[in-house]
There are 2 protein chains.
Amino acid sequence: MSVSSEDLQGLSLDLYSASRLLIQSFQNLLNEIPLTYPQFLVMRVLWERDGLYVNQIGEKLHLDSGTLTPLLKKLEAHNFVKRIRSEKDERKVKIELTFPGKSLQKKTQDVLSQLEPIFETLDEKSISSLNTSLKDLLDHLNPKSK
Amino acid sequence: MSVSSEDLQGLSLDLYSASRLLIQSFQNLLNEIPLTYPQFLVMRVLWERDGLYVNQIGEKLHLDSGTLTPLLKKLEAHNFVKRIRSEKDERKVKIELTFPGKSLQKKTQDVLSQLEPIFETLDEKSISSLNTSLKDLLDHLNPKSK
DNA sequence: TAAAATTAAATTGTATCAAATCATAATTTC
DNA sequence: GAAATTATGATTTGATACAATTTAATTTTA
């Protein structure tokens, strides 16, 4: 007994809704900071490891350059990152944090910690079970896992 | 012991990635049909119940008129739906399927049934557990559940 | 019942996303 | 080893997503 098309359609709709609703929760808080949710994701990657190339950021977030290029230009316009075209291979663009970009980390973490109380009433088992089965699904869908 | 901000950030990133990857799987199949994923969602709602108003579709999919108005105009341009302004209340626009719009249902279902084999290797328990915890999260996030 | 409040959809502006395109580099083929 | 092919990285393009504003119509209320 396998999954039906109906099951998959329902699953994808719920994932889609939940993803958008959860992003909205983040976005409401992030409004205090000049970052959108995807921009925050990119900054989070860079805070962990600075000086990545565009494609490396894309791999970590499953985003392609068509999404990242305008986003990174926006982050550059805010002076949070520098875009440096590689001299060795001019196809590549390296992304480096500026001082203001680095400074944003603490403020962002403080703001986002405000989300926690909102989720206090949500069963922790439910969260960890969601996490586990999401990882399964991601492994299954991830092109790299071939 | 409650959820930490890190937990929530990881959860939201996984939801976001899984949602986009699963939508891509649908989109790849839907390419055979002149529908994008959000357009398909709207058609699915209408196949289940024809003649809904714009706001009713928006409630079912958590989408607002800024998203739906252009999308519905696109579906109308493809001659899959008719947009009919209500005579009783001229603020409302009713959406009705055309014959081509109705005919699309079977073809779409046939195409999407091709997804099932791809998920055969995925544990069904994992899917149903994902479904359950997603519903929990949706209830928690859904503004209506206040 | 006229003014105020509410409601529904459309419009506007900003920001994603993914597919197609473009440009450059690496590889193959002869 | 030059031309053709393939691969790779980024940019452009078309279609959402959503907040904020506007327009128009209905309902409330004083």
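Predicted model: local features only at pLDDT ≥ 70, side-chain atom pairs only at ≥ 80, totals over all residues.
Residues are numbered from 1 along each chain as its sequence is written, and chains are lettered from A and ligands numbered from 1 in the order in which they are written. Local features need pLDDT of at least 70, side-chain atom pairs count only at pLDDT 80 or more, and totals for chains, interfaces and linings use all residues, while side-chain values use heavy atoms, with hydrogens and water left out.

Two copies of a chain are related by a rotation about an axis and a shift along it. Here, chain B is superposed on chain A by a rotation of 179° with 0.1 Å of shift along the axis, at an RMSD of 0.4 Å. This is the relation of a two-fold axis. Within chain B, the C-alpha nearest the axis belongs to Leu130(B), 2.9 Å away. The superposition is by least squares on the C-alpha atoms of residues with pLDDT of at least 70 in both copies. Of the interface residues of chain B, 98% are also interface residues in chain A, so the copies meet through the same surface.

Ser19(B) lies in helix α1 (residues 5-30) of chain B. Helices (H or I, at least four residues) and strands (E, at least two) are DSSP runs, numbered from the N terminus. Ser19(B) has 5% relative accessibility and counts as buried. Buried means under 20% relative accessible area, exposed over 50%, and partly exposed in between (1.4 Å probe, protein chains only). Beyond its neighbours within four places in sequence, Ser19(B) is in contact (heavy atoms within 4.5 Å) with Leu15(A), Tyr16(A) and Ser19(A).

In helix α3 (residues 54-61) of chain A, the buried residues are Val54(A), Ile57(A), Gly58(A) and Leu61(A). They cover an arc of only 100° around the axis, which puts them on the same side of α3(A). The arc is that of the directions from the helix axis to the C-beta atoms. These residues pack against α2 (37-48), β1 (52-53), α4 (65-77) and β3 (93-97) of chain A, together with α1 of chain B. Just after α3(A), His62(A) takes a positive phi of about 55°.

Chain B holds an open sheet of three strands in the order β1-β3-β2, with antiparallel pairing. Two strands pair if DSSP finds at least two bridges between them. The edge strands, β1 (52-53) and β2 (81-85) of chain B, each pair on one side only. Five bridges join β2(B) to the antiparallel strand β3 (residues 93-97) of chain B. Lys82(B) stands opposite Glu96(B) in β3(B).
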